[in-house]
Amino acid sequence: MANDPISLLLIGSDSALLEGLSQSLGALGYATTATDSLRDARDLAARRRPLIALMEAELAVTSRGEVLSIPLAPGGALILYNVGGEHDAEVLSPSLQRVVLANIMLPLERQRLAALVQYVAQRVRVTGRPRDTPPEQAAQ
């Protein structure tokens, strides 16, 4: 991981938003892949585990089982996002709450997203050891 750029997986229905985020995060040195399908996301993550999976919150709420089956790199995290001014107080299941690092509003919180990605990357580098995989991900 020292020579390879950190991999990020962007999942959502707004392709223009994901393209903009991909360009912004790519400029910071991260390798990004975007998709609108949870099935594709799981396949992409199986080939190269992302440190961060950024996912549209609505997908996470409606497809919890599929979300938890997306493999992350050791120490990785799931970040949910809502678009524009719409931020419904959706209740996440306890198993999903344990793996979600943050729920942000895009595009308003682009800087917060960059800070969260940097935080997770730094956490993995500093600890020198990966965080244990949550039981929900290990079981599937």
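These notebook entries record what I looked up in a predicted model.

**Entry 1: the sheet.** I began with the strands. I found an open sheet of 5 strands, paired in parallel and ordered E2-E1-E3-E4-E5. Strand E2 (31-35) and E5 are the edge strands, and each of them pairs on one side only. I noted that neighbouring strands of this sheet are turned against each other by 20° on average, direction ignored.

Entry 2: I then examined E1 and E3, which run parallel and are joined by 4 bridges. In this region I located Leu9, which stands opposite Ala53 in E3.

**Entry 3: helices on the sheet.** I found that H1 lies across E1, E2, E3, E4 and E5 and runs at about 165° to E1. Helix H2 (residues 38-47) also packs on the sheet, where it touches E1, E2 and E3. The direction of H2 makes about 170° with that of E1.

**Entry 4: the nonpolar cores.** I recalled that nonpolar side chains tend to be buried together in soluble globular proteins. The largest nonpolar core here has 24 residues. Leu21, Leu51, Ile52, Leu54, Ile79, Ile104 and Leu113 have the most contacts inside it. Among the elements that each supply at least two residues of this core are strand E1 (7-11), helix H1 (15-27) and strand E4 (77-83). Which element gives the most to this core? I found that H6 does, with 6 residues. Another core, of 19 residues, lies apart from it and includes Ala57, Val67, Leu68 and Leu96.

**Entry 5: Ile104.** Lastly, I listed the contacts of Ile104, leaving aside its neighbours within four places in sequence. Its partners include Leu54, Ile79, Leu113 and Leu116, and also Asn82, Glu109 and Arg112.

Definitions and conventions. Residues numbered from 1 in each chain as written. Predicted model: local features only at pLDDT ≥ 70, side-chain atom pairs only at ≥ 80, totals over all residues. Heavy atoms only, no water. Core = buried A, V, L, I, M, F, W, Y, C linked by side-chain atoms within 4.5 Å. Buried < 20%, exposed > 50% of the residue type's maximum accessible area, 1.4 Å probe, protein only. Contact = heavy atoms within 4.5 Å. Pairing = 2+ DSSP bridges. Axes fitted to C-alpha atoms, helices over the stretch in contact; angles between N-to-C directions.
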